[in-house]
Amino acid sequence: MSASRLRRVAVLVLEGAKPLDVGIPAQVFTTRASMPYEVRLCGAAPGLVTGGDGLSYHVAHGLDALAWADIVFIPGYRFPDRDDPPQAVVDALVAAHERGTRLAAISTGAFALAATGLLDGQRATTHWHYTRALRAKHPLVQVDENVLFIDEGSVLTSAGAASGIDLCLHMLRGDLGVAASNHAARRLVAAPYRSGGQAQYVPRSVPEPLGERFGATREWALHRLGEPLTLEILARQAAVSPRTFSRRFVEETGYTPMQWVMRARIDLARELLERSQRSVEQIAADVGLGTGANLRLHFQRVLGTTPSEYRRTFAPGE
């Protein structure tokens, strides 16, 4: 998919739609010079849609926007376990999917997506409060309550509202690359990347000051990716034992410390490939992977492509 092609995004506002869930994709993919997206809010029909939490929405478009869109977001809504969306909405979602449109549900929007049958046999998630209800209402869906988001290719789901930001940034990275995603994260004052496999909430047994200390250690490491970074070095920076650091790190990020470091190095390499003319060998040294051969090996393993192919896809003017 071309990194510069204009993509069309429809945000489907259902009765009882949650304000944050509606606003997240609308803001992340907002139409601007640096973002090749056009966003339209739509409903079952044009006009006023009664939302949740005391708000209503006036949408200019009906279900015709789903036929127009490349991506359809389904924000969460109140009482999703009671009734399915109108049949016309379900049919329009199925038809959009058959045309190749990606369908992405935020929080309880997963119930509307499940009503189409498109999640049957697929992994999916939703807000932790509703995972049992989703499993009971749609037993063919493989509900995973321990993740922030799940990408099954043409159907994607996320947990609570904040996880919708993670999902949007994940999709943006796939469309436009790391630099654009990081730029959007800075604009939103959000974490540039959280693993989809990260737990929806941190166990209460993890002391808050320790979580803050680990966050500071990750920030410290991000500025030193070109240097040696071992489990022992990271644990020493966090002032805990390697065993404690490793266990708590997985709870917070969904990755082991060394998996996280490798992902961070690959991400930095991606941004350098997008934004600089440095050679693969130079970039490998910059990000702490030593040689171009090592960078190519990890690029293929993590991303399924080569640095050269990645640069051709995402570098401006390539």
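Trainee: Where do I begin, and how many helices and strands does the protein have?

Mentor: Welcome! Begin with the overall make-up. This predicted model has 14 helices and 10 strands. Of the 318 residues in the protein, 48% are buried. The accessible surface comes to about 14600 Å², and carbon and sulfur atoms hold 52% of that.

Trainee: What share of the contacts with a separation of 6 or more joins residues 24 or more positions apart?

Mentor: That share is 66% in this protein.

Trainee: Now the inside. Which residues have the most contacts inside the largest nonpolar core?

Mentor: The general idea comes first: in soluble globular proteins, nonpolar side chains tend to be buried together. Here, the largest nonpolar core has 30 residues, and Leu12, Leu66, Val72, Leu93 and Leu103 have the most contacts inside it. Two or more residues come from each of β1 (7-12), α2 (64-68), β5 (71-74), α3 (87-98), β6 (102-105) and α4 (109-115). Helix α4 gives the most to this core, with 5 residues.

Trainee: Could we zoom in? Which residues does Valine 72 touch?

Mentor: Leaving out residues up to four places away in sequence, Valine 72 touches Ala10, Leu12, Leu66, Leu93, Thr101, Arg102, Leu103 and Ala104. Another core, of 29 residues, lies apart from the largest one; Val9, Val22, Val59 and Leu148 are among its residues.

Trainee: Next, helix pairs. At what angle do α9 and α10 pack?

Mentor: Helix α9 (residues 231-238) packs against helix α10 (residues 242-253) at about 90°, with the axes 9 Å apart. Angles of 65 to 115 degrees count as roughly perpendicular, so α9 and α10 are roughly perpendicular to each other. On the α9 side, Leu231, Glu232, Leu234, Ala235 and Ala238 meet Pro242, Phe245 and Ser246 of α10. By class, this contact has 6 nonpolar, 1 polar and 1 charged residues.

Trainee: And what about α7 and α11: how far apart are their axes?

Mentor: Their axes are 8 Å apart, and helix α7 (residues 178-188) packs against helix α11 (residues 257-275) at an angle of about 105°. That makes α7 roughly perpendicular to α11. The contact is made by Val178, Ala179, Ala180, Asn182 and Arg186 from α7, together with Asp267, Arg270, Glu271, Glu274 and Arg275 from α11.

Trainee: How many residues of each class does the contact of α7 with α11 have?

Mentor: There are 3 nonpolar, 1 polar and 6 charged residues in that contact.

Conventions:
Residues are numbered from 1 along each chain as its sequence is written. This is a predicted model: local features need pLDDT of at least 70, side-chain atom pairs count only at pLDDT 80 or more; totals for chains, interfaces and linings use all residues. Side-chain values use heavy atoms; hydrogens and water are left out. Axes are lines fitted to C-alpha atoms, for helices over the stretch in contact, and angles run from 0 to 180 degrees between N-to-C directions. Helices (H or I, at least four residues) and strands (E, at least two) are DSSP runs, numbered from the N terminus. Angles under 35 degrees count as roughly parallel, over 145 as roughly antiparallel, 65 to 115 as roughly perpendicular and the rest as oblique. Contact means heavy atoms within 4.5 Å. Ala, Val, Leu, Ile, Met, Phe, Trp, Tyr, Cys and Pro count as nonpolar, Asp, Glu, Lys and Arg as charged, and the others, Gly among them, as polar. A nonpolar core is a set of buried Ala, Val, Leu, Ile, Met, Phe, Trp, Tyr and Cys residues joined through side-chain atoms within 4.5 Å. Buried means under 20% relative accessible area, exposed over 50%, partly exposed in between (1.4 Å probe, protein chains only). Accessible areas come from the Shrake-Rupley method with a 1.4 Å probe; for residues, only the protein chains shown count as cover.
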